[in-house]
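Welcome, and take a moment to look over the structure below. The briefing that follows starts with a term you will need and then walks through the protein topic by topic.

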Amino acid sequence: MLLPFFAFLLAANFHEHVIATDLKGGYQVVAADLNGDGKPDLIALGTQMGDLVWFENPTWERHVIASGLTGMINLAVWNNQIVLAYGFTMQAATSKGIVAVLKPNGDPRQPWTLTEIDRLPTSHRIRLANFDGSPVFVNAPLIGANAVAPDYRDHVPLVYYKPGEWKRAQIGNDNEGIQHGITIVDWDGKGRDSILTTSFLGIDLYRFAKDHWTRTEISKGSPEPWPKSGSSDVAVGHTGKQRFLAAIEPWHGNQVVVYVEHSGQWRREVIDDSLLDAHTILTADLDGNGRDQIVAGMRGKPYQVLIYSRTDNESRRWTRQVLDTGTMAAASCTAIDLNGDHRIDLACIGSATSNLKWYENTEP
């Protein structure tokens, strides 16, 4: 570990609730109000599951959205429509890369109707965005068509779909190697989204303006030689008025990295290098003090969910707290108020641990 941290369990700040323990290959958890009652429900996706399921808040009763699916990898939700990527494998030659739209048939507790809209090998990340005043679904494949392990050298496409039309539209194909994570963010504060991407080339920003896309390098990420170069996942946070980026590096890596902008350059600082197979990172103001914390999860043993907090606005020092250890191989986490008490809670899904939990924020 590079920096001196204080590590302790957050039992006094979070209360753990187990929702499910049989989600094989748990990979993504998404919060969305599927039944229209004003409470966020949780959709759970597993790479080794045949059913796509959701859990109804607050009883957490399980409902099946669709069955008979293989290789589910990612989804996003808008207006009670789910865009799902499945048929995923790590090799472009064997990955069907199916992209489908799921819609309820009246009662969302009953099976939904699935309609295939595209096939793009290794479709891997699906996110909702708004670039020009209307919602779209972004699809970021993992690798290019000619990429092979271990270097995965090829350009990787980045595309989107407009609801109703469902036609593939190109954003770019400049990223190379593994394009693992994307984050949708109103980068310029003008109410229109941009895309932060991570790949073996680093962290890059895609902006849409005047009917065309531009790509700007934010950072090259890990300075190690390819294929340990670049970045794996990225999130945007704020400490007061200052924006920062939090990243996992390299791909499925061991480092939590913070970037802060100075004179137009993003300074890279590794705040923890002790993770194993880190796979999810997000930011949220968990204690309501106006400064975002960083939440990171790792799928490698001892399986942990970690929270990093900056001690004050002036200090660059981050402290580390352990939210869960030994029982959550976190592949994905989300931050949202699940019980309506105006505190931000956390929900995580585990891969090797096959479980879904929500952590109730009891911060006074």
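Predicted model: local features only at pLDDT ≥ 70, side-chain atom pairs only at ≥ 80, totals over all residues.

Helices and strands here are DSSP runs, numbered from the N terminus, and a strand (E) has at least two residues.

**The overall picture**

- The protein has 28 strands and zero helices.
- Its radius of gyration is 19 Å, close to the 21 Å that the globule rule gives for 364 residues, so the protein is as compact as a globular protein of that length.
- Along the principal axes, the C-alpha atoms fill a box of roughly 50 × 45 × 40 Å.
- Of the 364 residues, 57% are buried.
- The accessible surface comes to about 14800 Å², and carbon and sulfur atoms account for 49% of that area.
- If you take the contacts between residues at least 6 apart in sequence, 46% of them join residues at least 24 apart.

**Charges and salt bridges**

- The protein carries 33 positive and 42 negative side chains, and the centres of these two sets lie 4 Å apart.
- Searching the whole structure turns up 15 salt bridges.
- One of them pairs aspartate 107 with arginine 109, with 3.5 Å between the closest N and O atoms. Aspartate 107 is partly exposed at 31% relative accessibility, and arginine 109 is partly exposed at 34%.
- Another joins glutamate 116 to arginine 119, where the closest N and O atoms are 2.8 Å apart. Glutamate 116 is partly exposed, with a relative accessible area of 40%, and arginine 119 is partly exposed too, with 43%.
- Aspartate 277 and arginine 299 also meet through their side chains in a salt bridge, at 3.2 Å from N to O. This pair links distant parts of the chain, 22 residues apart: aspartate 277 sits in the loop between β21 (265-272) and β22 (278-284), and arginine 299 in the loop between β23 (293-298) and β24 (304-310).
- Which partner of that pair is buried? Arginine 299 is, because its relative accessible area is 16% and buried means under 20%. Aspartate 277, at 22%, counts as partly exposed.

- Leaving aside neighbours within four places in sequence, its contacts include Tyr27, Ile73, Phe88, Pro141 and His180.
- Threonine 113 belongs to strand β9, residues 113-119. Is threonine 113 buried or partly exposed? At 38% relative accessibility, threonine 113 counts as partly exposed.
- Beyond its neighbours within four places in sequence, threonine 113 is in contact with Val101, Leu102, Lys103 and Asn105. Threonine 113 and glutamate 261 are 148 residues apart in sequence, and their C-alpha atoms are 46 Å apart in space.
- Tyrosine 303 lies in the loop between β23 and β24 and counts as buried at 16% relative accessibility. Not counting residues up to four places away in sequence, tyrosine 303 touches several residues, among them Met298, Asp324, Met328 and Ala352.
- From tyrosine 303 to alanine 145 the C-alpha distance is 33 Å, and the two are 158 residues apart in sequence.

**Backbone details worth a look**

- Where are the cis peptide bonds described here? One joins asparagine 57 and proline 58, with omega of about 10 degrees, and another runs from alanine 149 to proline 150, with omega near 0 degrees.
- Proline 58 is in the loop between β4 (52-56) and β5 (61-66), while proline 150 is in the loop between β11 (135-141) and β12 (158-161).
- Threonine 122 is not a glycine, yet it has a positive phi of about 60 degrees. Threonine 122 lies in the loop between β9 and β10 and is buried, with a relative accessible area of 0%.
- Lysine 210, also not a glycine, has a positive phi of about 55 degrees. The loop between β16 (202-209) and β17 (212-219) holds lysine 210, which counts as exposed at 79% relative accessibility.

Conventions: Residues numbered from 1 in each chain as written. Heavy atoms only, no water. Salt bridge = Lys/Arg side-chain N within 4 Å of Asp/Glu carboxyl O. Buried < 20%, exposed > 50% of the residue type's maximum accessible area, 1.4 Å probe, protein only. Helix = DSSP H or I, 4+ residues; strand = E, 2+ residues; numbered from the N terminus. Rg over C-alpha atoms; globule rule 2.2 N^0.38 Å. Contact = heavy atoms within 4.5 Å. Areas by Shrake-Rupley, 256 points an atom, 1.4 Å probe, with all protein chains shown as cover. Lys, Arg positive; Asp, Glu negative; His and termini not counted. Charge placed at Lys NZ, Arg CZ, Asp CG, Glu CD.
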